[in-house]
Amino acid sequence: MPDGAPPPRRRARWAPYLFVGPAALLFLAFSLVPIVIAVALSFQDTATLGEGSWVGADNYRTMLSDPLLRTALLNTVVFTVGTVPTAMAIGLALAVALNRPLPGRGLLRALFFVPMVAAGVVVGVIMSWIFNPDYGVANNALRAVGLEGLPWLTSPRTAMLTLVLVVVWTRIGFCMVIYLGALQSIPSELREAAAIDGASRWQRFRRLTVPMLAPTTSILLILNVVFSLQAFDVIYVMTGGGPGFSTTVLIQYVFRSAFADARMGYAAALGLLLVLILLVFTLLRQRATKKAEELL
């Protein structure tokens, strides 16, 4: 061993810290420190990240009586209920269809998955053109068959529905791929035995496939809920939370409070509420994942 070199045992003791250190520093800088700052800001009345006046729990008391927060929470529930089961149902149907030997099956799988990997801002810009009430492709197609165009993004009655359609379109590919993996893990002997026993295709799907997919469905449900709670870029680009507050979800209201209304302290309190909701669903996802692993 060269003079001055640390003994091998000491090097082995420090090796794990050298590997974990960079990731720990990134977590500290970009996750833990911002959370601590947000907690401090939530007890202040400030328009910036600078000095503000200490107001205690006033921001949290304001949340209890804020009608816009209730609107944002209701919009979040509507958006989540509209996107999650729809994307999962279509994704499952596509997975079942594309799990069979079809010509061009690989290409079809790729085409359905492409929207998932596209940037949300890009999707938002393209869809804003498509659903433009004056020159958009959607209204031009309706007029071509003799129907009137719709105010897709300019009416409170249709704006949320349009956002749900766009987000479902971007997410069905993800659901399809996850369900495809789960379908291919089901032993073919079970399906063959059910077919020999006289079970129809629908009976095999309802009584065999669906129960076998239950762990995957649980995980996918929670993941999709988290995705919907974090959906920001598409909504911001397409509607900006409008018209009015008709498409303002919780994460959009956090952004609006911080940068449009200059209420950074209140926005920090709203952000912590969103973090708490996401934490609950993250814990549920971990529990669902653990149960799925136990069933394998």
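# Reading the nonpolar core of a predicted chain

User: Which residues have the most contacts inside the largest nonpolar core?

Analyst: A nonpolar core is a set of buried Ala, Val, Leu, Ile, Met, Phe, Trp, Tyr and Cys residues joined through side-chain atoms within 4.5 Å, where buried means under 20% relative accessible area with a 1.4 Å probe, protein chains only. Here the largest such core has 57 residues, and F79, F131 and M238 have the most contacts inside it. The model is predicted: local features need pLDDT of at least 70, side-chain atom pairs count only at pLDDT 80 or more, and totals for chains, interfaces and linings use all residues. Side-chain values use heavy atoms, without hydrogens and water, and residues are numbered from 1 along each chain as its sequence is written.

User: Which element gives the largest share of this core?

Analyst: Helices are DSSP runs of H or I with at least four residues, strands are runs of E with at least two, and both are numbered from the N terminus. The largest share, 14 residues, comes from α7. Elements giving two or more residues include α3 (67-98), α7 (156-184) and α13 (264-295).

User: What is F131 in contact with, leaving aside its neighbours within four places in sequence?

Analyst: Contact means heavy atoms within 4.5 Å. With those neighbours left aside, F131 touches A138, W152, L153, T162, V166 and M238.

User: How many helices and strands does the protein chain have, and why is it described as more spread out than a compact globule?

Analyst: The chain has 13 helices and 2 strands. Its radius of gyration, taken over C-alpha atoms, is 25 Å, well over the 19 Å from the globule rule for 296 residues, so the chain is more spread out than a compact globule. That rule is 2.2 Å times the number of residues to the power 0.38.

Definitions and conventions
Buried means under 20% relative accessible area, exposed over 50%, partly exposed in between (1.4 Å probe, protein chains only).
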